[in-house]
Amino acid sequence: MAENEPQIGRRALLEWAAASAALAACARAPVRKIVPYVVQPPEIVPGRPLHYATAWELDGYGMGLVALSHTGRPTKIEGNPKHPASLGATRAIDQALIETLYEPDRARGVESAGEPVSLHEFDERVAHKRVAVLMPPTSSRAIEKLVRRIRSELPGSDVWFHTPLSRANVWAAGKSAFGEAVEPMIDPSKARAIVTFSSDFLASGPSCVRAARKLADKRAADGARLWAIESRRTPTGVFADERVATGAHDRARFACAIAARVLSDSSASDASRALATTLRERAGDVDTRFADRCARDLLAARGAAAWVVGDAEPMELHALAWLVNRALGAVGGPIVATPSPILEAGERSHDLADFSARAASGDFDLVVIAGVNPVYSAPDFDLARSLAGAKDSAYVGLHRNETAALCRWLVPLAHTLESWGDVRADDGTGSIVQPLIDPIFGGITIAEVLARVLGDLAPSGHDLTRDALGLDDGAWNDALQSGVLPSTSSAPTKAAMNEDALVGLVQAWVLPVKHAIEIELHPSHAVHDGRFATPLLLELPEPLTKSTWGNVALVSRATAESLGVGDEDVVKVTAGSHSIELPALIERGQPDGVLSIALGWGRRGAERLADGVGANAFLLREALEKNAPTAIAAGRSEPVARTQINIDLYHRAHEIARSRLKSEKPLAPDTAMRLSLYTPQLSPTAPHAWAMSIDMSRCTGCQACVAACNVENNVPTVGKAGVLNDRDMHWLRIDHYEGDRGVIFQPMLCQHCDDAPCEYVCPVNATVHSPDGLNEMVYNRCVGTRFCSNNCPYKVRRFNWFNYHEDEPALRQLEHNPQVTVRARGVMEKCTFCVQRIRDAEHVADSDHRALARDEVVTACQQVCPTQAIVFGDKNDPNSAVSLRYGLPEAYAVLDDLGTRPRIRYLPKVIDKSPERA
Amino acid sequence: MKTEAVALEEQLTNLVFEPPKWLKPCLIVTGLITIQLFVCVFYVFITGVGTLGNNIPVAWAFPITNFVWWIGIGHAGTFISAFLLLLEQKWRSSINRFAEAMTLFALFQAGLFPILHLGRPWFAYWLVPYPSTMRVWPQFRSSLTWDVVAVSTYFTISLLFWFLGLVPDLALMRDRARTKRQRIVYGIFALGWRGSARTWQRWRIVYGLLGGIATPLVVSVHSIVSMDFAIGIVPGWHSEIFPPYFVAGAIFSGFALVLTLMIPARALYKLHNVVTTRHLDLMARMVLVTSLIVAYSYFAEGLAVRRGHDPFEIHQLFYTRARGPFAWAFWTTIVCNVVLPQTLWLPQARKSALYLFILSLFIQFGMWTERFMIISGSLSADYLPSAWGHYAPSLMDGLILFGSGGFFLFAFFLFLRFVPFIPIRETQKDELT
Amino acid sequence: MSGLLARFEDHHALVEAIHALRARGYTQLDAIVPYEVEEVEHALAIPRTRITWLAGGVSTLCGALALFVLWWTNAHDYRLDVGGRPYFSFWTDVPITYETMILTCGITAFIAFFAASGMPRLHHPWFSIEGTRDGFWLAIDASDPRFDPEVASELRGVGATAVERLDDEA
């Protein structure tokens with residue numbers, strides 16, 4: 001085996017091909033009994049995937065998943081409808097779990113000083129020693145138990161938690177308010193007015209899927225106006241009905257202005273009313289009309305109004321949010337104060353500086369860093385020195401990343417799909433993580449590392465989890481099957497809110513200083529904090545700029561002009577002694593003077609695809625606390641790989657992307673008479689007529705559908721050069737338009753036109769129509785004239801310019817969905833309406849001697865959509881979900897005038913502006 | 001036979017039997033470029049069409065532009081020899097073979113590109129109906145299948161027409177051969193021609209018949225080529241004016257290429273008695289007439305779009321082309337195809353070989369940019385602004401276009417080297433009877 | 001074939017000789033000319049070739065066949081719904097039918113021409129006579145019922161500059 005080869009040569013590749021063939025054949029099934037979800041066949045039926053409920057945690061918060069396994073090989077992640085953080089959908093990054101599992105650059109064996117050694121040697125090194133462990137925040141009961149034991153049984157050892165995107169400010173404010181780390185959980189289904197301060201709570205964070213779903217449903221039901229006060233445009237900001245762009249200083253003043261109005265107007269306590277005066281002074285001369293309207297809207301919705309504050313906002317603003325939410329009667333309504341599920345949330349063990357100092361002290365025999373990469377993400381903490389000062393160091397992780405490079409030991413971490421464990425969602429609901437495959441590279445879990453510290457040299461993740469949860473066989477099996485532990489969600493905190501402490505905090509608040517240039521650092525929508533360096537995510541477009549393969553500095557037009565830069569001109573951003581260079585993009589709705597830069601890029605680890613892509617903005621993060629940043633033009637340009645350049649509608653809004661204000665009357669349906677020289681040929685004999693409806697009012701632009709489509713349909717990635725040359729392969733893209741009334745996100749995929757213009761120009765019958773209305777692409781027959789793409793007015797066809805799968809590492813090939821052809825070079829491809837799922841459902845129904853159930857077929861994009869913006873189904877059934885939307889008078893076809901008769905109808909984006917504006 | 005006839009015969013056969021010194025280096029240089037072309041083509045076949053600059057939305061770019069341009073150039077050859085034959089324009093006889101050879105060699109180039117640009121060129125034969133176990137047939141509503149038939153018909157008919165006209169002269173070459181090898185080779189290609197009056201009569205009628213069918217053919221072929229675009233729904237493609245517009249443009253560029261080739265050959269071979277100033281003058285008039293037709297087409301297209309009130313068409317024509325990313329191609333087209341040819345109203349311009357030569361180069365460039373602007377410009381910005389894109393050719397695009405020029409010239413120099421490129425018997429007949 | 005070949009100074013002399021022989025009832029006459037001379041053809045009274053009719057007929061048949069193939073493949077043998085367009089539409093089939101007619105017309109005429117002219121062939125008795133490439137010759141086939149080898153002197157009488165006998169065996 002080539003397990004320890006640092007680079008894959010041709011020889012290693014061949015060995016891997018053999019190894020992966022063996023893997024596929026043997027299906028390294030987990031030894032412990034895992035229980036299939038819903039479908040329980042007596043054995044694996046080739047060609048039929050098994051569904052397993054599992055979960056994973058990101059920064060400690062659990063997300064319930066259903067993983068598909070084809071003959072022992074996980075190939076697709078879906079959301080678990082029973083899990084409160086998922087409700088059946090997922091985020092884009094969850095979809096990438098399949099890619100991180102089959103990552104060819106994963107650590108492939110235990111190493112000591114670069115030499116392969118056995119895991120046993122590591123066991124010896126770690127058992128009963130004085131060990132310092134740094135790991136990501138967790139909500140796992142099993143780990144909680146182990147940490148407790150370490151703290152009590154091994155006084156010389158200690159455990160710390162770290163993540164680059166911490167919620168420390170949230171917890172700190174919660175602690176002031178309730179005496180314990182409390183999470184303000186938002187439930188938009190109970191809200192009629194929500195204001196967010198730089199919180200992208202609909203598209204990122206632990207509860208974004210649930211929040212987006214509930215807000216979209218609430219809006220559709222009886223309306224909920226969303227106000228956004230933020231720097232760069234986030235999906236949440238453009239989903240909002242009202243938005244104002246601010247820097248940190250002005251945002252704080254807006255908060256003061258709105259809070260002052262709310263607190264003085266309400267039945268708040270005296271202390272709060274006194275605070276209102278202070279706040280009014282601090283607010284100064286911010287846009288009072290906006291603040292007035294916002295406050296009035298909140299007050300009118302008293303009891304159903306909520307403040308949501310972004311994780312990175314100052315702690316005092318979070319404190320203020322508690323005060324305002326209470327004044328609005330939100331606490332216990334749309335905002336629930338829930339004790340954080342995170343172990344030791346807000347305590348000293350979450351302080352990286354503390355770890356860094358202790359690790360360097362030499363008090364420990366071994367410093368273990370597991371699953372986090374602080375050398376990359378916290379450069380100012382000088383972990384290099386800490387690790388050099390430690391007697392011995394080990395890295396437990398998926399890759400030999402920046403931190404691993406400074407550690408003596410490298411121990412492969414088990415991927416979440418290879419692990420036993422447990423997680424809790426933000427509301428406390430527990431789930432069991434069950435493995436779908438034995439660790440491909442023999443990795444171990446963090447719980448198993450901790451158990452080794454405690455001297456258990458053959459720990460079993462299964463037993464550790466089972467012991468910690470203390471379930472009997474029946475409950476254990478039920479939990480495995482459903483994916484959630486019943487009745488484990490946390491009760492709201494019983495503590496009363498300590499108003500005085502909060503008022504004191506806010507009174508003492510020193511508003512963020514206003515600098516000429518301000519840097520807003522934010523997590524990348526695609527690669528998060530940099531740990532997801534997979535092709536899918538590297539090429540996943542940012543929701544608004546559509547940039548891929550790297551980060552950019554977003555600037556307003558005025559700021560760009562004052563800096564003397566244009567699109568793609570490189571700016572040099574300096575804070576303290578650190579500076580980074582990255583290309584600028586002029587972004588609408590960007591506050592003047594604010595440069596927004598995504599974190600998570602500029603990696604230097606073993607993940608070859610991400611190596612050196614973009615600039616590492618973590619370098620600036622600590623320096624920005626103390627220094628005023630500067631930005632200058634670097635005098636060169638660097639192309640930005642964007643999947644969409646034009647965002648203007650060129651007066652085509654009616655034909656393409658319709659929108660209206662909620663106060664306006666509904667748009668009239670298209671009634672133009674269609675004259676045709678032809679008599680319609682499509683025979684209505686097929687029992688089903690597949691169709692889709694997309695509600696643009698519900699789309700947040702979160703890209704989860706793009707990611708899910710890529711994974712489901714084996715869509716290749718093309719690299720930065722490919723994207724720059726307009727050769728991106730996404731079957732489904734989310735178009736971003738600047739409509740007259742705000743941003744419109746329009747998921748665009750093959751429209752499956754009844755009178756498809758692509759079909760009649762194909763000279764070889766490679767794209768034809770099925771009786772049930774699918775525009776079918778016959779890869780085998782395609783010769784690659786590309787006329788179909790030219791003649792597609794929606795430009796949703798994608799061409800294999802090269803053999804994109806040819807040089808794919810053998811391990812990567814395991815991730816492919818076996819029910820979907822892997823396309824070779826020279827053929828066209830496009831959205832199939834997940835034809836494999838349609839036919840699969842039909843076959844299953846056939847073999848069960850029944851008709852297809854209503855809405856039984858679900859496409860990958862529909863399934864993953866947090867807001868259910870996409871609905872698919874049978875148009876012939878008048879009561880199917882799609883028919884109900886399809887028949888709405890406002891439903892329209894894009895480019896209807898062309899007479900292509902698409903099978904996808906869109907619902908216009910409806911924006912609920914506050915009435916005073918008109 | 002009269003002595004002047006014999007002298008003419010000798011002059012014209014000596015063009016082949018005593019090749020000028022410059023011909024060999026020309027053959028070597030263009031031969032090397034031809035090799036370069038085939039190396040590039042091989043590379044594209046092996047690696048994939050991704051080596052070209054095409055993308056989505058601009059899925060057709062250099063190769064299809066080159067295809068339309070080369071095939072258009074070919075049209076003048078047929079037009080001169082067939083259409084003017086039917087009109088009994090005697091002046092055509094001294095240049096017709098030249099022009100027909102140009103047609104054939106341009107068709108070689110044209111035929112290369114549609115196959116080259118396919119994603120899977122090894123399956124190009126799927127466009128032809130043949131019974132197979134799959135029972136799948138080509139899809140004949142697509143203009144690409146029409147194209148296959150039209151271009152292959154055009155090539156075949158052009159070849160037959162050219163060869164039939166050549167047979168009597170090949171027989172003469174056989175008879176005047178100076179070496180045994182020449183006699184054998186020319187003898188084989190002469191197919192046993194022996195000058196029987198009955199054969200001559202049959203020859204004239206069949207030659208006339210081929211000319212007769214080649215004339216509507218030439219019109220239909222470029223009409224069908226234009227339908228590759230006109231049947232599409234792309235703004236800037238979907239236009240009823242395309243067939244005549246493309247045919248006029250084709251003949252326009254073809255006449256220009258005849259001038260480009262004829263003027264140097266006339267000077268180098270000292271053929272001023274055969275290709276006279278009158279020939280140049282008449283050719284220049286044809287260029288002027290076709291230029292006016294082309295100019296009218298541009299005007300009519302603009303007018304139709306302007307009056308049509310289709311925002312997509314208007315954006316395509318008046319923004320993308322006139323002011324947008326393809327403005328350079330648009331204005332080059334206007335200057336080369338409309339403005340410069342107006343100088344041909346001056347008799348001095350029509351009679352100056354040097355001026356005509358330079359002008360002809362501009363016209364070819366202008367016609368290429370016109371095709372490029374129509375094909376790639378229209379694709380770069382069609383319906384959904386989100387999908388608009390830019391196009392930049394790759395190195396391979398440039399090398400292949402350059403190589404096809406070299407291959408064309410190589411074939412042409414071979415033609416000059418081995419084939420009597422002035423129709424000897426026809427010229428004799430015109431001079432003497 | 002065998003027979004006689006007689007050379008004349010120019011085509012005027014040739015035409016006169018043809019007239020003379022035809023007046024005497026010769027029917028199997030031919031002429032060798034370096035380029036087409038319509039007077040000679042008129043003098044020989046060569047019937048207009050029927051190749052054009054043949055080509056026209058074949059081309060019409062093949063056009064019909066093409067149209068049939070288009071209908072049969074797309075509208076009968078394997079019907080596919082293509083963009084909601086009709087399975088068979090005459091107007092979209094015009095281009096291919098038309099081009100097929102032209103193609104088959106040209107090929108038929110070309111082949112028929114060579115077949116009718118006894119070509120291709122590597123050798124012919126006429127080639128053995130010096131000067132047939134650029135002179136004007138009259139050819140009398142021995143199969144002519146009025147053929148008489150002694151006609152040679154008469155030919156000289158009407159202006160032949162040389163008379164050659166052709167062997168039978170070639």
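I began at the side chains of B:D382 and A:K795, which meet in a salt bridge with 2.6 Å from N to O; I take a salt bridge to be a side-chain nitrogen of Lys or Arg within 4 Å of a carboxyl oxygen of Asp or Glu. The model is a predicted one, in which local features need pLDDT of at least 70 and side-chain atom pairs count only at pLDDT 80 or more, while totals for chains, interfaces and linings use all residues. Residues are numbered from 1 along each chain as its sequence is written, chains are lettered from A and ligands numbered from 1 in the order in which they are written, and side-chain values use heavy atoms, with hydrogens and water left out.

**Chain A against chain B**

I looked up the count of salt bridges between chain A and chain B and found one. For polar contact, I used a pair of N or O atoms within 3.5 Å, where within protein one must be able to donate a hydrogen and the other to accept it, and where residues adjacent in sequence count only if both atoms are side-chain atoms. By that rule 34 residue pairs are in polar contact across the interface of chain A and chain B, both residues being at pLDDT 80 or more. I then asked which elements of chain A each supply at least two residues to the side that touches chain B, and noted β29 (733–739), α25 (787–790) and β33 (798–799); helices (H or I, at least four residues) and strands (E, at least two) are DSSP runs numbered from the N terminus. By class, that side of chain A has 25 nonpolar, twelve polar and 14 charged residues, with Ala, Val, Leu, Ile, Met, Phe, Trp, Tyr, Cys and Pro counted as nonpolar, Asp, Glu, Lys and Arg as charged, and the others, Gly among them, as polar.

The contact, meaning heavy atoms within 4.5 Å, takes 51 residues from chain A and 52 residues from chain B. I noted a buried area between chain A and chain B of about 4,300 Å², of which carbon and sulfur atoms give 58%; buried area is the accessible area (1.4 Å probe) that two parts lose on being put together, summed over both.

**Chain C against chain B**

Here 61 residues of chain C are in contact with 53 residues of chain B, and the area buried between them is about 5,400 Å², with 66% from carbon and sulfur atoms. On the chain C side, I noted that C:Y35, C:E36 and C:R133 lose the most area to chain B, together 14% of what that side buries.

The rule finds three salt bridges across this interface of chain C and chain B, and I recorded the pair C:D77 and B:R135, at 3.3 Å from N to O. There are also 24 residue pairs in polar contact between chain C and chain B, both at pLDDT 80 or more. The elements giving two or more residues to the side of chain C that touches chain B are β2 (29–32), α2 (38–44), α3 and α4 of chain C, and α4(C) gives the most, with 17 residues. By class, I read 36 nonpolar, twelve polar and 13 charged residues on that side of chain C.

**A salt bridge within chain A**

Over all chains the count comes to 82 salt bridges. I looked up A:K214 and A:D187, whose side chains meet at 4.0 Å from N to O. A:K214 lies in helix α7 (residues 208–221) and A:D187 in the loop between β8 (182–186) and β9 (193–197) of chain A, so the pair ties together parts that are 27 residues apart in sequence.

**Backbone exceptions**

The peptide bond from B:I56 to B:P57 is cis, with omega near 20°, and I located B:P57 in the loop between α2 (23–47) and α3 (62–86) of chain B. The bond from C:M119 to C:P120 is also cis, with omega near -5°, and C:P120 is in the loop between α4 and β3 (136–141) of chain C.
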